[in-house]
Amino acid sequence: MTMRTSDVLVLGGGVIGLACAYYLLERGRSVTVLEQGTAGCGSSHGNCGTLTPSHAAPLAMPGTIGTALRWLFKADAPLRIKPRLDPDLLRWLLGFAGRCNWRAFEHALRAKAPLLLRSRALIEELVRTERLDCEFEALGTLNVYRDAANFEHACALNERLAAVGLRVEVLDGATTLAREPALKPGVAGALFHPGDAQLRPDRYVAELARIVRAKGGIIVEGARVEACVREGPRIAKVATTQGDFAGRDVVLALGSWSPLLARTLGLRIPIQPGKGYSITYTRPARCPRIPLTLKEPSVCVTAWGSGYRLGSTMEFAGYDATLNRTRLDALRRGAAASLHEPEGPAVVEEWYGWRPMTPDDLPVLGRAPGLDNLVIATGHGMLGVSMSAATAELVASLIADQKPVLDPSPYAPTRFGNL
């Protein structure tokens with residue numbers, strides 16, 4: 001079979017890979033996207049679809065390790081680490097634990113916020129200019145607390161968020177219930193983030209695929225990458241189940257699968273697959289007006305004109321490909337404690353997906369050390385949709401050797417030392 005070549009070869013047809021393809025095409029590059037399944041079938045498909053600059057605070061912060069240890073043997077805990085002998089997981093956990101301090105928290109916060117804010121603006125512009133049919137709405141998001149101590153602790157972080165340009169409104173319990181009647185009484189308070197938005201993620205990635213193809217990009221589905229062939233400091237060929245491909249530049253955007261391929265190239269990217277779950281329903285009659293995060297059970301609630309979804313939780317269980325019923329039931333219980341009508345009339349889909357989690361909760365963006373034509377774009381954790389457009393803009397600038405709008409140094413692959 002003849003090797004197919006293009007200017008840029010993007011490995012991964014999820015939200016990051018497709019967004020990168022679009023921005024590269026906009027700069028006049030020819031692009032081929034290789035996807036092992038169908039475009040957008042991974043964690044881009046079933047997440048809650050919120051665009052959340054408000055989530056700029058990293059997961060690693062003082063107290064997180066203690067909470068995780070208390071939940072270690074609790075199968076339905078919002079954060080669960082499945083006990084097992086895994087040297088990569090142990091190294092990841094040690095790296096994460098070393099960042100559970102306020103100094104590392106501030107560094108990650110100041111690095112994440114600009115990327116999220118830039119991407120939020122770019123996505124709204126993209127939806128408008130390309131007329132993406134993805135149910136985008138700029139509604140803000142509401143973080144709801146039923147425990148007064150938890151609410152007080154969250155309010156104490158407001159100054160840190162405000163310092164990086166994130167607006168937040170503090171609402172007492174009565175005001176929260178007036179603003180969101182779908183909630184049951186007993187709310188201590190809420191934080192409203194007016195700069196957040198929502199879209200339907202599966203439709204967003206489908207629309208990205210549509211406009212990539214419309215602009216001349218090629219998306220090859222069912223193309224699982226089997227090997228990358230190096231010639232000196234370059235990737236000369238990518239062998240897949242659909243044949244061989246080559247590109248002057250290659251973008252590694254395989255999400256949670258990125259470290260597995262990177263290892264064959266002599267690179268070690270510290271990513272662990274963080275398994276998230278969701279349940280999609282038809283819309284209940286008493287639907288939330290605003291996307292919600294029910295903070296104590298860590299359940300996200302999103303309603304669109306076309307449906308309704310409960311999602312979230314974080315499970316570190318490796319690449320375990322089973323649908324954990326305990327985790328799904330935890331979503332239902334968490335929603336039932338806070339909502340008058342927690343579930344829709346009919347279940348449309350029960351889903352899980354692996355999020356690519358880094359120890360510092362920052363994406364890995366930049367040229368790979370020792371490989372002149374490889375750019376890494378992975379490690380977006382729970383915020384791949386939220387960060388997609390700004391990531392793609394940055395990747396396109398790096399490949400074009402142009403000065404990027406944002407400083408890429410906080411996301412550099414080399415920050416983890418010798419990969």
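The crossing of helices α1 and α9 is left-handed, a term used when the near helix is turned anticlockwise from the far one by less than a right angle (right-handed if clockwise). The model is a predicted one, in which local features need pLDDT of at least 70 and side-chain atom pairs count only at pLDDT 80 or more, while totals for chains, interfaces and linings use all residues. Residues are numbered from 1 along each chain as its sequence is written, and side-chain values use heavy atoms, with hydrogens and water left out.

Helix α1 spans residues 15–26 and helix α9 residues 201–214; they pack at an angle of about 30°, and their axes are 9 Å apart. The two helices are therefore roughly parallel to each other (angles under 35 degrees). On the α1 side, the contact (heavy atoms within 4.5 Å) is made by V15, L18, A19, A21, Y22 and L25. Their partners on α9 are Y204, V205, L208, A209, I211 and V212.

Turning to the aromatic residues, rings of Phe, Tyr and Trp (its six-membered ring) pair if their centres lie within 6.5 Å; planes under 30 degrees apart count as stacked, over 60 as edge-to-face and the rest as tilted. By this rule there are eleven aromatic pairs. One of them joins W257 and Y319, which are stacked because their ring centres lie 4.8 Å apart with the planes at 20°. This pair links distant parts of the chain, 62 residues apart: W257 is in the loop between β12 (243–252) and α10 (258–264), and Y319 is in the loop between β16 (307–316) and α11 (325–336). Both residues are partly exposed (between buried, under 20% relative accessible area, and exposed, over 50%, with a 1.4 Å probe and protein chains only), with values of 32% for W257 and 29% for Y319.

Y352 and W354 form an edge-to-face pair, with 5.5 Å from centre to centre and 70° between the planes. Here Y352 is partly exposed at 23%, whereas W354 is buried at 14%.

R160 lies over the face of W102, 4.1 Å from the ring centre, and the charged end of R179 sits over F192 at 4.9 Å from the centre of its ring.

Finally, S338 is found in the loop between α11 and β17 (347–357). With 3% relative accessibility, S338 is buried. Leaving aside residues up to four places away in sequence, S338 touches R146, A182, L183, K184 and L294.

Conventions:
Helices (H or I, at least four residues) and strands (E, at least two) are DSSP runs, numbered from the N terminus. A charge sits over a ring if NZ of Lys or CZ of Arg is within 6 Å of the ring centre and within 35 degrees of the ring normal. Axes are lines fitted to C-alpha atoms, for helices over the stretch in contact, and angles run from 0 to 180 degrees between N-to-C directions. Angles under 35 degrees count as roughly parallel, over 145 as roughly antiparallel, 65 to 115 as roughly perpendicular and the rest as oblique.
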